[in-house]
Amino acid sequence: MKHELLAHYVAGEWLNSNEDQWSDDLNPSDTTQVLARVPQGPVSVVARAAEAAHESFAAWKALAGPERSEILYRAANILAERRQEIGTLVAQEVGKPLGEALGEADRGVSILRYFASESVHPNGQVIPAQKAGSLQFTLRQPLGPVAVISPWNFPVAIPLWKIAPALAYGNTVVWKPAEVASLTAVRLAEVFASAGLPSGVLNLVLGKGSAIGDALIGQDAIRGITFTGSDAVGMGIAEVAARRNIKYQLEMGGKNAAIVLGDADMNQAAKLVAAGAMRFAGQKCTATSRVIVTDDVVEPFVELLKREIQALPVAPATESSSAVGPLITQSSLEKVASYAQQSTQSGRVVLGGNYARTGSLKNGYFFEPTLVVDVPPDASVAQEEVFGPLLVVEIAHSIDEAIAIANNTRYGLSVSLFTHDINASLEYIHAIESGMVRVNGDTTGVDPHAPFGGMHNSSSHSREQGPAAIDFFTEIKTIQINSAG
């Protein structure tokens, strides 16, 4: 397969890099396959992109909502037409199993259509004035050029749930995708270009975050930053944004727990916990990485869980049967292996624990789905985000203790409870410290029209998607009109 030389997209033009430095964009299922080559500079392209976003902002802001809506609807339709192509590319580029990758392309279509409709919804409210005869109301207006920094694991959905509302509410965008998802990003930029988005409204810059990310968030023209990634990088962005007094929105890590009580449907719980932990090799910020089981059912539940995990095929992501694909990079693979090794000191590895390197897996970054039981709540494998197919089992003696264990982490993104007990469910809903709360469902995912975000170190305490998106991407202007004389 011939690889593609990628280019930045700035002010409506594809800019081929004159730099000699490129990185290979590999297929993590088969690292002998180079999908594309990603330019590593120059950093000056970031300034050009920010300038283009600044210059196009006034005209885009002034465009009527129905006109912005029409462009987003066209983008949705084009993405729907290219579903198979882009879904297959996601499977190849980031190792997401094909079924999930196609589903993500569909989700992208839904996101674009949702925010196309938001472009024509009310953007303010009338407020009674204290003075008779006065008219007082609010308007929501866009921030200006916004920096979008997106991760690799949802290379369609997450960029779109940032870019679509930004555009719908009248902002312009400079988008920096994760380097290992650059080819998918180029295809999405093509979708917007084909939909007739004016030049400079969306700009795409490629390369390493360590090289161009800092340059992007420091641009004077940038008036807001929306980021999804690690908490270490996110905290650095928060510091820069605070010094510049611009808005920022951070979605970061998770150490998500599923709680299983003795009265739960054990088969349902085991099936959903296995899927939440192991599908896409656990590479979701909402993946289940801990399961807290009451002591009265822990042994039979672990046996059911082992059976469900073993039923999930480990295979190259483009195979239709694949459920557990590869890790994204060699360093990610080594990180998971390190945590699996540590687990032999903090618990009992009852499933997996090794590299998967046989047959069709030999050239990819594959690791066996791994289950570790009897893990103390303060063990590093129970506290730190592994971001791989490794699930730990912790034991509790009551619903109160289970909730305390679930809350005992610096994160607070997603959590689930399995039970038939309505009283336990109500206690859990109010006591759990997490932004995404489920009962009898897995910890992963969220409807595209529902607010998404976490508590504690998982988030900057803002929310993305759905009706919450307008809060970040606009500012409120309060207006009062009084009669003359």
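Predicted model: local features only at pLDDT ≥ 70, side-chain atom pairs only at ≥ 80, totals over all residues.
Trainee: Is Asp231 buried or exposed?

Mentor: A residue counts as buried under 20% relative accessible area. Asp231 has a relative accessible area of 15%, so Asp231 is buried.

Trainee: How much space lies in the largest pocket, and which residues are closest to its centre?

Mentor: The space in the largest pocket comes to about 1,000 Å³. The pocket is lined by 40 residues, and those closest to its centre are Trp152, Phe227, Gly229, Ser230 and Val233.

Trainee: Which elements give two or more residues to the lining of the largest pocket?

Mentor: By class, this lining holds 18 nonpolar, 14 polar and eight charged residues. The elements that give two or more of its residues are helix H7 (209-217), strand S10 (224-228), helix H8 (231-244) and helix H11 (330-346).

Trainee: Which element gives the most to the lining of the second largest pocket?

Mentor: The second largest pocket has a volume of about 330 Å³. Its lining has 18 residues, with Arg107, Phe154, Thr444, Gly445 and Val446 nearest the centre. Two elements give two or more residues, helix H4 (98-118) and helix H5 (157-168). With four residues, the element that gives the most is H4.

Trainee: How many charged residues are in the lining of the second largest pocket?

Mentor: The lining is sorted by class. Seven residues are nonpolar and four are polar, and the charged ones number seven.

Trainee: How many cavities of 30 Å³ or more are there?

Mentor: A cavity is a space where a 1.4 Å probe fits but cannot get out. By this rule, the count of cavities of 30 Å³ or more is four.

Trainee: Which residues are closest to the centre of the largest cavity?

Mentor: About 110 Å³ of space lies in the largest cavity. S12, helix H13 (399-407), strand S17 (411-412) and S18 each supply at least two residues of its lining. By class, the lining has six nonpolar, seven polar and three charged residues. Of its 16 residues, the closest to the centre are Lys255, Arg290, Ala406, Gly412 and Ser414.

Trainee: What volume does the second largest cavity have?

Mentor: The lining of the second largest cavity divides into six nonpolar, six polar and three charged residues. The volume of the second largest cavity is about 90 Å³.

Trainee: Is Phe387 buried or partly exposed?

Mentor: Phe387 sits in the loop between helix H12 (380-383) and S16. It has a positive phi of about 60 degrees, although it is not a glycine. Buried requires under 20% relative accessible area. Phe387 has 22% relative accessibility, so Phe387 is partly exposed.

Trainee: What relative accessible area does Gln465 have?

Mentor: Gln465 is in the loop between strand S20 (455-456) and helix H15 (469-473). Its phi is positive too, near 70 degrees, in a residue other than glycine. Gln465 is buried, and its relative accessible area is 0%.

Trainee: What span should helix H3 have at 1.5 Å a residue?

Mentor: H3 covers residues 83-94, which makes 12 residues. The expected span is 1.5 Å times one less than the number of residues.

Trainee: Which residue caps the N-terminal end of H9?

Mentor: Helix H9 runs over residues 266-278 and reaches 18 Å from its first C-alpha to its last. At its N-terminal end, a side-chain oxygen of the capping residue lies 3.2 Å from the backbone nitrogen of Asn267. That capping residue is Asp265.

Definitions and conventions: Residues numbered from 1 in each chain as written. Heavy atoms only, no water. 1 Å grid on protein atoms, 1.4 Å probe; cavity = no way out; pocket = protein on both sides within 12 Å on 5 of 7 lines; lining within 4 Å. Points joined across faces, edges and corners; volume = space filled by probe spheres on them. Nonpolar A, V, L, I, M, F, W, Y, C, P; charged D, E, K, R; others polar. Polar contact = N/O pair within 3.5 Å; in protein donor to acceptor, adjacent residues only side chain to side chain. Buried < 20%, exposed > 50% of the residue type's maximum accessible area, 1.4 Å probe, protein only.
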